[in-house]
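Hi everyone, thanks for coming.

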Amino acid sequence: MNAFKKAVAAAVVAALVPAFAAAQEAPLKIGVVSFLSGAAAGPFGVPARNSAEIMFEMLNAGKVPAPYATKGFGGALLHMNLVDESGGTTTQVTEFRNMVQRDNVDMVIGYISSGSCLGIAPVAEELKKLTVFFDCGTPRIFEERGYKYVFRTAATATMDSVGAALYVRDLRKGKIKTIAGINQNYAWGQDSWSDFEASMKQLEPGVKVATSQMPKLFAGQYNAEISTVLAAKADVVHSSFWDGDLEALILQGGPRGLFKHRTVILTTGETAMYKLAGSIPDGVVIGARGPYGPYAPNNELNKWFSKTFQDRYGVPPNYAAYHMAQAILGTKAAWEKALAANGGKRPSQDQVIAAFEHLTFESPAGKVEMAIGAGHQAITETAYGVTRKVHGKMTVANVKRYPAEMVNPPDGVKAADWIASGFKKK
Amino acid sequence: MRRDLTPRTLALIVAAILAAGPFAPQWTVFLLTVALAKGLVVLGLMILLRCGLVSFGQALYYCIGAYAAGLLGLRYEVSGVFTLMLAGMLASGATAFVLGFLLARYRSIFFGLLSLAISMILYGLLVKTEALGSSDGFNLLPSTLAGFRPADAWVRYMVLAVAVVVAFVAALLVNRYLKTPLGRLAPAIKDNEIRVEYMGASARHAIHVKYVIAAALAGLGGALAATTVGHIDPEMAYWTTSGEFIFITILAGTGNVIAPFLGALIFGIIQSVAFDISPNTWQMVLGSSLLVVIVFLPNGLWSLFSRGKAS
């Protein structure tokens, strides 16, 4: 009988301990998805993962500057459930379901590829799980349908192309007669070019397209395309090449004078500007997909973020790293707003979502507004500048900033329609 | 002659899955449905492999099946699961019938590389097609069964049930086919094609038929995968997708029509576990497990089951 009593007591204690621990402040399990292998891992996936690791660690230690000084999310510590984004959409949808239904994550932050984002969004909706896209660029996500559980804390790729067009217009006012493009033949390259071309035609009526080169993704050799672009004698050359392709373009185009006689705009040039500082001449227009890296504002949050990242990984954070930090801090802001609205009690997912919609929050890149996509899609300002070496060090000069409303469509208007309407405000 | 136990075993497995489905965790239901879709493709590869042909481009038909299903939804708002699968199967089968005239003339590495080349052509074309979302692909309509869509909690089970029934019928038919004279020709073609011709059978005709059957199965699997996942993109035609199917074929072995489905399920489980425990090196876990199977079970996982019977 005594043994039986002991067993009962043990069972009661065993049942109570987890319940008690839960009442304390259960940690938040967050699925983090980023490319850890494949072509996009080096330039984007790994910097983003590194950024997530720093943010999780520093948030849990309460070392992030104001307004994010509370530990974790409103005191609840964060636990990362890291997943690789490679393997195709079928694998990604499977792993998303595993995270939500097997590992019971509280939310998911991730996805670099627009294809992944398009595939995951309806699944997030089906499983009713808060999902924050941090980097993917296609505006199609919130244009094709509305989502309750899906948010994106980075601006769409439309902003990059519209900003690029505005900048070259301002740089060479009235002198642009012809434009040319060299972009990779897949969704990102096609969309970047078509938005840029449409924007230029609005900003400089009568501008002609000299040539649009669309080489295969990761082709590696671009001499034929460079020849065609050089022969076309365009005033402006636009390229959305990234990583290895971008480096190849710079290394192959540089000696042939591609960057000397015309205005070349590299919309993701920031990822290569330090590495290839010796090969990029002065005067090349460089973008960072928003106010990131060299264009990030000089605020406390950015000083802390870029220093912490640089100290740990030996390189400055690129825009993918900024995007990840932005997503984590945005979700934290929404969570804590919901916490306050709930009288300090742990908010439900629906309360976090309500707080997230139309939220404005601070990130290392400045102000982020969840202004479009019915409050689920962020807009930010953007900036462009030209390269200038100062004492052998690569810097950007002639920086121009464009406010968020100027480079992003208003709520409820499709990006392409907005550009075609002459950037009409609602 | 020994009685063929396969149909009965298959029926038991199907009944077990249908009965356990409503109680299984949702993520396992999804994993199983994807495994069935891939299993259908591998079933086709098995037919080809039995006559010594390895297709490095089966993703071509997987992708055609998926896009046929996706386009029906996109253009004509068709969302019935069976209609989509039928469309996928027919589109792939018809393409294979035409391409078969070319491919049935080639053997070994030439067959493999030619099929790879054709699948990469489709990939290239789809990536250039901006109207279909280029490399980002597009989403399918939520699938329905005879115009009806159950509540969210039951959608997964519905798709699983459909997949199980379709896979069951396909496996039974293939099992039957392997016992017909044309089906039995496969090992003979593999061993000595000249002798097959001397016997009066046409190897090229037999291979053409097998090629169309394999493609139809891949199209069926592609359409099923598309309705299950809800999104399609050109990567379905990429060579890594074909590689995955070959991987599963080697893992499973060609001993029985159940093997492809078992192989696909085990592949799915290993991949998911690898993703979970080592996100940075999951490919290594997957590769090592294949190596282990090749070294210890050269005839694939199925040899675990058939070994006892053979002796």
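Let's start with a definition: a disulfide is a pair of cysteine sulfur atoms within 2.5 Å. In general terms, a disulfide is a covalent bond between the sulfur atoms of two cysteines. Some housekeeping too: this is a predicted model, where local features need pLDDT of at least 70, side-chain atom pairs count only at pLDDT 80 or more, and totals for chains, interfaces and linings use all residues. Residues are numbered from 1 along each chain as its sequence is written, chains are lettered from A and ligands numbered from 1 in the order in which they are written, and side-chain values use heavy atoms, with hydrogens and water left out.

So, how many disulfides does a search of the whole structure find? Just one, over all chains. The partners are A:C117 and A:C136, with their sulfur atoms 2.1 Å apart. The torsion about their S-S bond is about -100°, so this disulfide is left-handed. And where do the two cysteines sit? A:C117 is in helix 4 (residues 114-127) of chain A, while A:C136 is in the loop between strand 4 (131-133) and helix 5 (140-144) of chain A, so the pair ties together parts that are 19 residues apart in sequence. When I say helix or strand, I mean DSSP runs numbered from the N terminus: H or I and at least four residues for helices, E and at least two for strands.

Are those two cysteines buried or exposed? Both A:C117 and A:C136 are buried. Buried here means under 20% relative accessible area, exposed means over 50%, and partly exposed is in between, using a 1.4 Å probe and protein chains only. Over in chain B, B:C51 is buried with a relative accessible area of 4%, and B:C63 is buried too, at 1%.

Let's stay with helix 4 of chain A for a bit. Of its 14 residues, 13 are buried. From first C-alpha to last, helix 4 of chain A reaches 20 Å, close to the 20 Å expected at 1.5 Å a residue; that expected span is 1.5 Å times one less than the number of residues. Where does helix 4 of chain A bend? At A:I120, by about 30°, and a proline, A:P122, follows within four residues. The bend is the angle between axes fitted to the seven residues ending at a residue and the seven starting there. Then, just after helix 4 of chain A, A:K128 takes a positive phi of about 55°.

Most residues other than glycine have a negative phi, and most peptide bonds are trans. A:N104 isn't a glycine, but has a positive phi of about 50°. You'll find A:N104 in the loop between helix 3 (88-102) and strand 3 (107-110) of chain A, and A:N104 is exposed at 51% relative accessible area. A:H358 isn't a glycine either, and has a positive phi of about 60°. A:H358 is partly exposed, at 49%. There's also a cis peptide bond between A:A66 and A:P67, with omega about 5°.

Now for some strands. Two strands pair if DSSP finds at least two bridges between them. Strand 8 (residues 236-239) of chain A pairs in the parallel sense with strand 6 (residues 178-182) of chain A over three bridges, and in the parallel sense with strand 9 (residues 263-266) of chain A over four. Look at A:V236: A:I179 is a bridge partner, and A:T263 stands opposite in strand 9 of chain A. Both faces of strand 8 of chain A are covered, with A:V236 and A:H238 buried on one side and A:V237 and A:S239 buried on the other.
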